[in-house]
Each structure stands twice: as C-alpha cells, then as structure tokens.
Amino acid sequence: MTNRQGPLATYDVVLVGGGIMSATLGILLKHLEPSWSIAVYERLPELAAEASAAWHNAGTGHAGLCELNYTSEKSDGTVDIEKALRVNEQFQLSRQLWAALVEADILGKPQEFINPVPHMTFVRGAADVDFLRRRHRAMTESPLFGAMQFSDDPDTIGEWAPLLLRGRDKTEPMAATRDITGSDVDFGVVTRKMFAHLETVGVDVRLRHEVRGMRRNNDGSWKLRVVATDATDDRISSKVDAKFVFAGAGGWALKLLQKAGIPEARGYGLLPISGRFLRCDNPAVIERHDAKVYGKAPIGAPPMSMPHLDTRIVDGRRTILFGPYAGSSPKFLRQGSLLDAPASLRPHNIGPLAWMGRNNLPLAWLLITQLAATQRRKISALREFFPAAVAGEWSWITAGQRAQIVKADPVRGGVLEFGTEVVAAQDGSIAAVLGASPGASTAPAILLDLLSQCFPHYRTLWAPRLRQLMPTLGRSLADDEVLARRTMIRTAEILGLTAVGAD
Ligand SMILES: Cc1cc2nc3c(=O)[nH]c(=O)nc-3n(C[C@H](O)[C@H](O)[C@H](O)COP(=O)(O)OP(=O)(O)OC[C@H]3O[C@@H](n4cnc5c(N)ncnc54)[C@H](O)[C@@H]3O)c2cc1C
C-alpha cells in the first residue's frame with residue numbers, strides 16, 4: 001500500500017455519496033444551473049450500494065396508501081390523515097420528476113424502475129377492523145385516496161391477496177383496504193440512471209473516493225480531504241474546494257456534519273437499526289400475490305418495523321419479500337464500522353441519547369427480543385400474514401442499515417424521530433438529510449426543502465425552472481380535485497402505473 005498526494009480541485013458543488021439523495025440533488029441542480037461544476041464522491045466501488053440498493057430497502061413507493069403509522073386516531077374518535085396526505089403530495093412530486101426524466105430519455109423504460117403494485121393494509125380483530133373502516137372513510141374524502149377500497153369480507157380480501165387467506169380461519173374479524181394506484185420502485189436503478197445522465201452532462205462521478213475530513217476556507221467555502229483507494233489498495237489523498245457541500249452520505253451524514261463542526265448539528269445523535277427480510281422465489285407462491293400488504297407494528301416497535309408482505313419487481317423478476325425484522329448493530333451504514341455509534345458520541349448528544357433510551361424501553365426490548373428470536377418465531381411472524389407459508393421456501397436477505405434521528409427535546413430530554421430532516425448550516429454552504437423514512441420515495445420533496453433552505457436567494461429564479469420538471473409544485477393536489485386527477489392520470493400514463501378515473 002502506498003500513500004500519495006493528489007492535486008487540488010475546485011467545484012461549485014460537491015455531493016458526498018452515491019445514493020438516491022445525491023443523485024436527485026445532482027439532477028435538480030444541473031437542471032437549475034447547468035454551468036455549475038459538480039463532483040460526486042462515493043467511497044464504495046459502485047453507486048447505490050447502500051440503502052438505495054434494490055434489495056436493501058422494501059421498494060415501496062410510499063404514498064400514504066397503506067402505512068398505518070401515517071394515520072392516527074384523535075381523541076374524538078376521528079382519524080387524522082394529515083401525514084398520509086403530506087406523504088402522498090410528496091410522492092406525487094416524485095412521480096412528476098420521474099415522468100419528466102422518462103420523457104427526457106434520462107430514466108429509460110419506466111418498467112425498469114417502477115411497476116404498478118396495489119398497496120393494501122390488513123388488520124384483524126374487531127377494534128382494528130373498526131379503525132380501518134373509519135380510516136378508509138376519512139381517506140376517501142380526499143381525491144388523493146379516491147381509489148382506495150375497503151372490505152371486511154374474507155372472500156373479497158382473498159381475491160385481492162390470496163396468500164392472506166390460505167389456511168386462515170375465515171370466521172375471525174378481519175378487514176383490508178386496497179389501492180391499485182400503488183407502486184414498487186427499484187431505487188437503485190433510479191439512482192444509477194440519474195448518475196449515468198449526470199456524467200454525460202459533465203458531472204465528475206468518482207467511485208472509491210471517501211471524504212475523510214473538511215474545514216472551512218476563509219471565504220466560507222469548504223476544503224474537503226478526499227482519499228481515493230484503487231484496486232491494489234494504493235491511496236491518493238487530495239484536497240477539494242467546494243462552495244456548496246451536500247453530505248448525501250446516508251447513515252454517515254451526521255459524521256460529516258460533525259467533521260464540518262457546524263453548530264446546527266449539535267444535539268443530534270443517531271440510533272442505528274439493522275434489518276433483515278425474508279425472500280421467496282417460488283413461482284407457485286409468487287403468482288398468487290400481487291400487492292404490498294402492510295400490517296400493524298408490534299407494540300413499542302418503531303413504525304418502520306411494521307411487517308409487510310411485498311411483491312417486488314427487480315431486474316424484471318417478481319419475488320415476494322417479508323419483513324423487516326429489526327435488529328441492532330452499532331454501524332450507521334451496511335458497510336460502515338462497528339465504531340460508528342461510539343465515535344458519534346459528543347458531550348451535546350449524550351444527554352438526548354440517554355433520555356431517548358429511557359423513553360423508549362419497549363423499543364429496546366423489541367430489538368433484543370427480535371435478535372434473540374428463534375427461526376421458528378420469525379417464521380410465525382410471517383404466518384400471521386401468510387398462514388400456509390412453508391419455511392423452506394424463504395431465504396434471508398440483509399437489508400440496509402437505518403440511522404434514526406435522536407435529538408434534544410425540551411420536555412422529554414431526548415426523542416427518537418422516524419422521519420427525515422434536513423440539517424443545514426445557517427449560511428447554506430453545507431447540508432445533509434438525516435433519518436430514513438419515507439426516504440427514497442420522497443427524495444425530490446426533501447431536496448426541494450434543502451434547496452430552499454440553502455439557496456433562498458435563488459427561490460424566485462428557480463421556481464419556474466422547477467415547475468418544468470414538477471408542474472404542480474407549490475400547489476396542493478389535495479385541495480384541487482381536478483388538478484389531482486389530471487396529474488395522477490398523466491404521470492400514471494407516462495410511468496406505466498394504474499390510473500383511476502381516466503376518461
Ligand atoms: C430496511 C430499509 C427499508 C426501506 N424501505 C424503503 C421503502 O420501502 N421505500 C422508501 O422510499 N424508502 C425506504 N427506505 C429508505 C431508503 O432506502 C433511504 O431513504 C434512501 O435509500 C437513502 O438514500 P441516501 O442517498 O440518503 O443514502 P444511501 O443510499 O445509503 O447512500 C449513501 C452513500 O454515501 C456513501 N458514503 C457515505 N459516507 C461517505 C463518505 N465519507 N465519502 C464518500 N461516500 C460516502 C455510502 O457508501 C453510500 O453509497 C428503506 C431503508 C431501509 C434501511
């Protein structure tokens with residue numbers, strides 16, 4: 001192994017990380033400011049190899065159609081659907097951006113990355129059946145959820161998703177909702193296609209390049225220390241100047257913000273949660289399932305460990321995925337380090353992390369019990385959904401690593417957040433996206449938020465340019481039935497998804 005020194009390079013923008021967040025931000029920035037110079041540094045030998053890889057996430061195009069954690073019961077018994085509406089509006093922007101990129105021949109054939117798969121919610125027991133009925137009533141008042149169907153009839157549920165009913169006692173109370181406008185997305189393909197296009201328009205995409213350090217220059221820009229490793233493990237260390245840095249490093253984003261030393265990152269910590277899925281490749285089982293069926297999370301479990309039985313379409317092949325089974329590991333990335341969690345501790349985040357632990361004992365218990373669970377117990381979780389499942393037909397996949405946000409809270413000391421959050425320096429010269437969910441599905445909306453925080457003076461100039469990609473930007477589809485219908489039909493046609501209400 002030899003260590004050498006490389007030359008100094010200068011860019012307007014450096015995107016750290018080769019996942020869907022950097023890819024999407026690169027696409028937006030190149031569209032807005034084609035003359036800006038952009039470099040991408042990815043530490044691994046390939047792009048989209050961490051959370052954005054197809055088999056490292058569940059591929060759900062999160063649109064609020066099936067996830068129970070996006071709706072809640074209010075004290076007066078009505079159902080709050082605000083979060084589901086917000087996620088759906090965000091996903092409509094993703095659909096519009098991807099449709100524009102398909103039309104511009106950037107994302108290739110839509111079926112290579114997005115496919116129609118109905119989204120279902122399945123519950124059992126009288127109380128949950130009643131909740132689901134009221135939830136369906138509240139949701140279908142919005143044009144965004146107008147396609148959602150409800151049934152508490154086992155035969156109808158069995159027609160929608162035969163595996164749910166095979167071997168199940170039909171006399172127990174059960175109910176399901178189904179929305180045929182749902183989708184399965186291969187975020188790895190989206191990421192790679194975006195980067196392939198960015199390279200054709202002059203973006204410097206460097207693999208095996210890790211950003212190891214950064215400090216501010218006197219003019220407010222950043223000097224990054226980038227270490228390139230070749231196949232023989234020779235290392236070249238170079239300095240790179242950038243006016244704007246996006247720490248699109250997934251679970252390592254906080255580490256970069258801590259290296260940058262910006263005060264806005266103070267008080268943030270991360271809780272890493274590992275995950276595994278069960279995968280079935282038996283064609284006889286696969287052909288009887290065409291849905292993403294979400295259930296209820298176990299008590300105390302984080303919402304993203306809500307079990308689901310999912311049709312996946314990757315590389316043109318159908319499979320079924322079940323999970324996730326949460327576990328614990330101190331790594332913040334799948335290919336991270338066992339020292340990630342201890343090395344992220346700072347005097348300002350130890351308190352919030354300790355309080356979060358105290359406030360979330362059921363979660364700690366869940367992680368311990370899931371780790372210790374026998375194979376038989378894990379299969380019995382699958383059989384809650386698919387009672388006739390044959391253990392030998394399922395194999396294990398290690399999913400991506402989640403790094404959930406923990407932050408200081410004036411009342412509770414420290415809280416665990418399940419969403420994503422943009423953390424940006426006050427002068428907008430560096431920013432990151434922390435957290436994981438709904439994540440990749442809503443990347444465009446998250447990054448639009450980041451752009452408005454980091455480039456406020458460009459807002460007026462950029463708005464019409466952004467509307468070329470996402471025509472309804474700035475307007476609420478939930479409040480405009482005609483616009484909602486027109487937009488959903490148009491993007492469904494371009495992306496090959498199921499549209500409801502087409503004339
Ligand atoms: C189990 C699981 C299930 C999920 N299911 C869904 C789902 O169904 N739907 C959905 O929308 N979202 C889902 N998500 C979330 C989604 O996968 C993420 O939100 C998204 O992939 C994050 O993209 P990213 O670009 O931020 O990070 P990543 O894809 O992790 O990319 C970060 C990249 O940065 C690189 N990197 C890190 N540090 C450095 C450095 N210092 N220098 C250079 N490179 C660096 C890494 O190697 C990596 O390639 C799921 C996530 C998990 C873990």
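## Ligand shell, aromatic pairs and backbone features

The shell around the ligand comprises 16 nonpolar, 16 polar and five charged residues; here Ala, Val, Leu, Ile, Met, Phe, Trp, Tyr, Cys and Pro count as nonpolar, Asp, Glu, Lys and Arg as charged, and the others, Gly among them, as polar. This is a predicted model, in which local features need pLDDT of at least 70 and side-chain atom pairs count only at pLDDT 80 or more, while totals for chains, interfaces and linings use all residues. Residues are numbered from 1 along each chain as its sequence is written, and side-chain values use heavy atoms, with hydrogens and water left out.

**Ligand surroundings**

- Glu42, Ser52, Thr60, Pro438 and Ser441 come nearest among the 37 residues around the ligand, a residue being near if one of its heavy atoms lies within 4 Å.
- The side chain of Ser441 places an N or O atom 2.5 Å from an oxygen atom of the ligand, a polar contact being a pair of N or O atoms within 3.5 Å; within protein, one must be able to donate a hydrogen and the other to accept it, and residues adjacent in sequence count only if both atoms are side-chain atoms.
- Backbone atoms also take part: a polar one of Ile20 is 3.1 Å from a ligand oxygen atom, and a backbone N or O atom of Ala58 is 3.1 Å from a ligand nitrogen atom.
- Of the 1000 Å² of accessible area that the ligand has on its own, the protein covers 96% (Shrake-Rupley method, 1.4 Å probe; for residues, only the protein chains shown count as cover).
- Helix H1 (20-32) and strand E12 (209-216) each supply at least two residues of the shell; helices (H or I, at least four residues) and strands (E, at least two) are DSSP runs, numbered from the N terminus.
- E12 gives the largest share of the shell, three residues.

**Aromatic rings and charges**

- The whole structure holds 14 aromatic pairs, that is, rings of Phe, Tyr and Trp (its six-membered ring) with centres within 6.5 Å; planes under 30 degrees apart count as stacked, over 60 as edge-to-face and the rest as tilted.
- Tyr325 and Trp396 form an edge-to-face pair, because their ring centres are 5.1 Å apart and their planes stand at 70°.
- Since Tyr325 belongs to strand E18 (residues 317-327) and Trp396 to strand E19 (residues 394-398), this pair ties together parts that are 71 residues apart in sequence.
- Tyr325 is buried at 8% relative accessibility, whereas Trp396 is partly exposed at 25% (buried is under 20% relative accessible area, exposed over 50%, partly exposed in between; 1.4 Å probe, protein chains only).
- The charged end of Lys378 sits over the ring of Trp396, 5.5 Å from its centre; this term requires NZ of Lys or CZ of Arg within 6 Å of the ring centre and within 35 degrees of the ring normal.
- Arg279 lies over the face of Trp55, 4.1 Å from the ring centre.
- One aromatic cluster consists of Trp36, Phe244, Phe455, Tyr458 and Trp462.

**Backbone geometry**

- Most residues other than glycine have a negative phi, and most peptide bonds are trans.
- Gly323 is buried, with a relative accessible area of 1%.
- Ala48 has a positive phi, near 50°; the residue is in the loop between strand E3 (38-41) and strand E4 (72-73) and is buried at 4%.
- Asp315 has a positive phi near 55°; Asp315 is in the loop between strand E17 (308-314) and E18 and is exposed at 70%.
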